[in-house]
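Here is a short report on one protein model.

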Amino acid sequence: MPKKFHDPTQQAEGKAARWKNEPIGERHPDLTMHTLRPFNAEPSNVALQEMITPKGQHYRRTHAPVPVCDDTYRVSISVEGQAAKLFSVPQLKTYPSKELAMTMMCTGNRRGEFNPDGQTAGLPWKNGSISTAHWSGCMLRDLLAEVGVSNIDKAEAAGLNFVTLWGLEKYHVSIPLRKALDNKGDCLLAYDMNGETLPRDHGYPLRAIVPGFVGARSVKWLDRVIVSKEEVKGMHQTGIAYKQMGPNYKSVEDVTAEMVAEYPPIDHIPVTSAVTHPEPGCKVIGGQTIELKGYAYSGAGRAIFRVDISVDNGKTWSQAELTRVSSKQGIRSSRAWAWVQWRAMAKIPTDCGENIKIVCKAVDDQFNQQPHESTSIWNVRGILNTSWGNVNVTVGKASHL
Ligand SMILES: Nc1nc2c(c(=O)[nH]1)N[C@H]1C(S)=C(S)[C@@H](COP(=O)(O)O)O[C@H]1N2
Ligand SMILES: [Mo]
């Protein structure tokens, strides 16, 4: 009997009435859907080849119905135990605005590739729970200054180490206060995406944007921002959702509360990459030169400086050509918040079998590298599958016309 699928983050769908206000019209038909209620979906490989993910195709990761908001919306900003200040979006728009290109990646990206080695607990994402957009809004640090928090040393001396972010549907996580106050941290309270009002699926009317951190920290439908002493207790912060266990833990039921409490939640994604062209299973011809495409990304603002590609599963290698979103996000910027798109031409061997594995691996500016196989990093939550990007294709013989 296969093991019962158990995803600790997945909530019951509940009554149909809960879902009557979903923004169906925002959802591009080319998305691959994992669940409709809540809506979880990823773009196609074709969409993933664009530097800025096309409209309607940015991946979605939601845990509950999309909240409905109107002009009465206010975000609450406070220091824990003190009075909160409320801000409407028009008020936030009076603060200096900033736009930045950022790649958002869900920690479960490529979870599906783990499953042949054992069922993981979570949505079986392919290589598309990652997307890039231009986000704009005001700086989170400007709003924290409004409640008297602007100096990290003073705040830490007072025991304040985190900013806890709550969504209207009660989703909650924390980020380090140091990140929020850093003038190069680029944390936003975003009201626009790609020059338009934030779509409802992506957090209308306001979301946090926490560049260089896992997607989970960029809280949508932002309700409350609280400068706090401790990380908030909950599934997505101190709980199991973002804890990576050793490969010997085969079931979430085997994981002890002590382990969960001791392990750190994931802040930054390690270096990763994927092949987005050619499509898995497609046919290529021995001796033919084909184009390969993909993306590479690393967390914490680390820039990708090299992507190695191989059409013989790593026997021989060459380097891909990289395109960055902007020269400002280059090596040593420490603010490479967006992925690179890579491209290479490669000759298919003639002396191979009927199937070949095309692989890619990226290196970031701190020389982090990707693990070879996913087997050694398999974990029951199926998070951080940052193994070599790969695609299997079929090799045909050249026909003599
Ligand atoms: N309020 C709220 N914020 C949230 C979530 C959520 O379910 N509720 N999901 C998080 C996760 S796990 C990810 S990966 C990103 C996804 O953002 P997107 O749907 O705009 O791509 O949002 C994060 N912010
Ligand atoms: Mo996520």
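In which segment is Arg27 found? Arg27 sits in the segment before strand E1 (32–35). Helices (H or I, at least four residues) and strands (E, at least two) are DSSP runs, numbered from the N terminus.

This is a predicted model: local features need pLDDT of at least 70, side-chain atom pairs count only at pLDDT 80 or more, and totals for chains, interfaces and linings use all residues. Residues are numbered from 1 along each chain as its sequence is written, chains are lettered from A and ligands numbered from 1 in the order in which they are written, and side-chain values use heavy atoms, with hydrogens and water left out.

**Arg27**

Arg27 is buried, with a relative accessible area of 12%. Buried means under 20% relative accessible area, exposed over 50%, and partly exposed in between (1.4 Å probe, protein chains only). Neighbours within four places in sequence aside, Arg27 is in contact (heavy atoms within 4.5 Å) with Glu22, Leu36, Phe39, Gly56, Arg60, Val66 and Asp201.

**The whole protein**

The protein has six helices and 21 strands. Along the principal axes, the C-alpha atoms fill a box of roughly 75 × 50 × 45 Å. Of the 401 residues, 55% count as buried. Among contacts with a separation of 6 or more, 73% come from residues 24 or more positions apart.

**Aromatic pairs**

The structure holds five aromatic pairs. Rings of Phe, Tyr and Trp (its six-membered ring) pair if their centres lie within 6.5 Å; planes under 30 degrees apart count as stacked, over 60 as edge-to-face and the rest as tilted. Two of the pairs are listed here.

| Pair | Ring centres | Planes | Class |
|---|---|---|---|
| Tyr59 and Trp125 | 6.2 Å apart | 80° | edge-to-face |
| Trp317 and Trp388 | 5.2 Å apart | 85° | edge-to-face |

Tyr59 lies in the loop between helix H1 (45–48) and strand E3 (75–79), and Trp125 in the loop between strand E5 (97–105) and strand E6 (130–139). They are 66 residues apart. Both Tyr59 and Trp125 are buried.

Trp317 lies in the loop between strand E16 (304–310) and strand E17 (318–319), and Trp388 in the loop between strand E20 (355–364) and strand E21 (389–396). Here 71 residues separate the partners. Trp317 is partly exposed at 31% relative accessible area, whereas Trp388 is buried at 12%.
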